[in-house]
Amino acid sequence: MSNAVPFSSNTRVMSFSDLSEDVLDQILRRLPDFKTLAATIRTSKQLYGILDAHPKSITRKIAETACGHPGVLPAALRLVRKVIKGNLEDDETEPEDEDENEIVVPQEPPEGEMLAVPLTREEAQLLEEHGEVIRSMQDIYSRRHKDRMSSASRLTPDEALPFKRGMYRFWLFCECYAPSEDDDRDDYRYDDRQAARQRAADEFLELLPADDLFEVGAAAAFCAEMHECNYTAANAAHNHPMIPNWHLDHSCLGPGSIMEDFEKLAITQPEDSGLFWTSFERAVTRLGLNQKTRDDRLADAITREVVGANDSCDRCHAVRGIDLWGATNWPLIRGFISLFEFTTLLPGHLPRNDIETTPLLQRLGSEHYFRGTCRAEADEIITKLMEEMIETDVDGGGTWTRDGWYCLDCVRELFKERLWRWWYAKKREGGAPEMENCWYGYNCRTMLHRRLHASKLNHLCVPTRGEL
Ligand SMILES: [Zn+2]
Ligand SMILES: [Zn+2]
């Protein structure tokens with residue numbers, strides 16, 4: 001740290017003892033996280049003394065940094081405290097005392113009370129973990145709803161605040177009202193408990209001012225959108241629907257579980273419906289707004305202005321704005337077109353020739369989806385595939401460029417035109433022997449029922465006989 005301290009005019013190196021308490025206090029407040037704070041106060045008795053004198057204000061400032069904005073801290077703390085309390089309750093495994101009376105799910109202490117209680121070490125740690133999740137989600141949100149050309153968040157402070165606050169509140173909602181894993185669905189009072197949760201959930205949202213309500217709604221809608229993308233991505237290498245019960249309302253999955261699925265290329269399936277959208281509907285109905293106003297307020301609750309909102313597809317010129325695909329957002333496309341769908345875009349009968357599709361899926365990284373790891377590697381594979389397909393020289397190329405932006409329909413066209421050529425080139429690069437072309441090329445039917453034929457001849461070629 002002494003490196004950062006300026007030299008005085010007589011070149012004597014200044015030490016901490018030359019700095020005023022105020023300056024040292026400011027230094028501690030600007031530390032990026034609690035780990036750095038702990039390490040820093042260990043380096044000097046004087047710094048330790050400063051923290052000892054102002055523990056509340058210094059830890060509050062670092063807590064604000066952890067959750068990204070001072071205005072978000074009460075909501076973030078309320079979540080952290082609920083999670084810690086929930087874990088304690090789980091440990092106690094006390095049988096619930098339910099008699100004939102109506103079951104009541106109490107509200108959590110309000111946000112307004114949060115800052116008055118000093119932060120514990122456990123809370124600080126969880127606050128930072130949550131902050132990390134919300135930051136990652138904000139980067140993705142920004143790429144999908146604000147500025148597709150940047151992988152880091154481009155939300156303005158005016159947009160980041162409602163995003164984060166909405167996310168923390170929705171997360172708390174999920175912690176409070178999601179059906180618990182231990183809650184026995186066959187128990188005769190399960191429906192009563194679910195009804196009690198719904199009443200409390202309704203009240204939770206009704207207590208929010210209108211703007212804040214739409215903010216939480218927008219956060220929930222983004223979680224739903226990510227869940228759907230995770231679902232598509234996780235079905236990467238399956239040719240049949242992997243998961244039943246798709247009729248469930250998935251709004252009981254909060255940012256924590258959504259982001260974990262995203263990182264692991266996996267999908268979490270809740271056992272019962274979430275309650276959010278029912279409560280949201282009731283709370284919004286009470287506002288007495290017409291449908292258009294409701295839709296507009298939900299759509300504008302976070303993003304004020306979309307970068308490139310009127311941009312058009314470089315191939316078909318359709319105006320698609322944020323829904324255009326190119327260099328910075330290729331990895332996210334797996335949430336829209338699964339690896340399995342890639343193989344269906346091969347020409348002719350190739351999609352049903354597993355002598356080609358199985359190794360192709362492997363090449364596209366399907367094992368990452370099975371193992372549930374290495375999102376970074378999966379990102380790289382897909383980005384490289386797109387770039388290499390774009391650069392494949394077909395009849396003089398044209399149309400596609402690496403820095404172009406394309407709509408989803410055109411991206412599918414790119415796959416149809418070039419995936420099979422790319423796959424042929426990759427096989428040759430990988431040392432596969434050159435094989436004689438089948439006359440019927442990708443339209444050959446024999447390759448579907450005669451494995452020997454399928455493996456002896458090349459079918460990644462244009463037919464020269466039969467239906468051309
Ligand atoms: Zn297009
Ligand atoms: Zn053939």
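Reader: Which conventions apply to the model and its numbering?

Author: The model is predicted, so local features need pLDDT of at least 70 and side-chain atom pairs count only at pLDDT 80 or more, while totals for chains, interfaces and linings use all residues. Residues are numbered from 1 along each chain as its sequence is written, chains are lettered from A and ligands numbered from 1 in the order in which they are written, and side-chain values use heavy atoms, with hydrogens and water left out.

Reader: Which residues coordinate the zinc ion (ligand 1)?

Author: Donors are N, O and S atoms within 2.8 Å of the metal (3.2 Å for Na, K and Ca); water is not among the atoms, so sites may look incomplete. Here, the SG atoms of Cys313, Cys316, Cys407 and Cys410 coordinate the zinc ion (ligand 1) at 2.3 Å. Along the chain, these donors follow the spacing C-x2-C-x90-C-x2-C. Helices are DSSP runs (H or I, at least four residues), numbered from the N terminus.

Reader: Are Cys313 and Cys407 buried or exposed?

Author: Buried means under 20% relative accessible area, exposed over 50%, and partly exposed in between (1.4 Å probe, protein chains only). Cys313 counts as buried because its relative accessibility is 0%. Cys407, at 1%, is also buried.

Reader: What is the arrangement of donors around the zinc ion (ligand 2)?

Author: Four donors count as tetrahedral if all angles lie between 85 and 135 degrees. The zinc ion (ligand 2) has a tetrahedral arrangement because its four donor atoms subtend angles of 99 to 120°. The donors are Cys438 (SG), Cys444 (SG), His453 (NE2) and His459 (NE2), at 2.0 to 2.3 Å. Their spacing along the chain is C-x5-C-x8-H-x5-H. Cys444 is buried, with a relative accessible area of 2%, and His453 is buried at 17%. The site of the zinc ion (ligand 1) is tetrahedral too, with angles of 106 to 118°.

Reader: How many cavities of 30 Å³ or more does a search of the whole structure find?

Author: Rolling a probe the size of a water molecule over the atoms shows where empty space is left. On a 1 Å grid over the protein atoms alone, a cavity is a set of points where a 1.4 Å probe fits but cannot get out; lining residues have an atom within 4 Å of a point. The search finds three such cavities. The largest cavity has a volume of about 170 Å³ and is lined by 17 residues, with Cys229, Asn230, Phe262, Leu332 and Gly335 nearest its centre. α9 (210–234) gives the most to this lining, with six residues. Because domain 2 (69–85 + 122–299) and domain 3 (330–430) both give residues to the lining, the largest cavity lies between them. Domain bounds come from an automatic or database domain assignment.

Reader: What volume has the second largest pocket, and which residues are closest to its centre?

Author: A pocket is an open set with protein on both sides within 12 Å along at least five of seven lines. The second largest pocket has a volume of about 520 Å³. Of its 17 lining residues, Phe34, Leu37, Ala38, Thr59 and Arg121 are the closest to the centre. Domain 1 (2–59) and domain 2 each supply at least three residues of the lining.

Conventions: Tetrahedral: all angles 85-135°; square planar, octahedral: opposite > 155°, others 65-115°. Points joined across faces, edges and corners; volume = space filled by probe spheres on them. Helix = DSSP H or I, 4+ residues; strand = E, 2+ residues; numbered from the N terminus.
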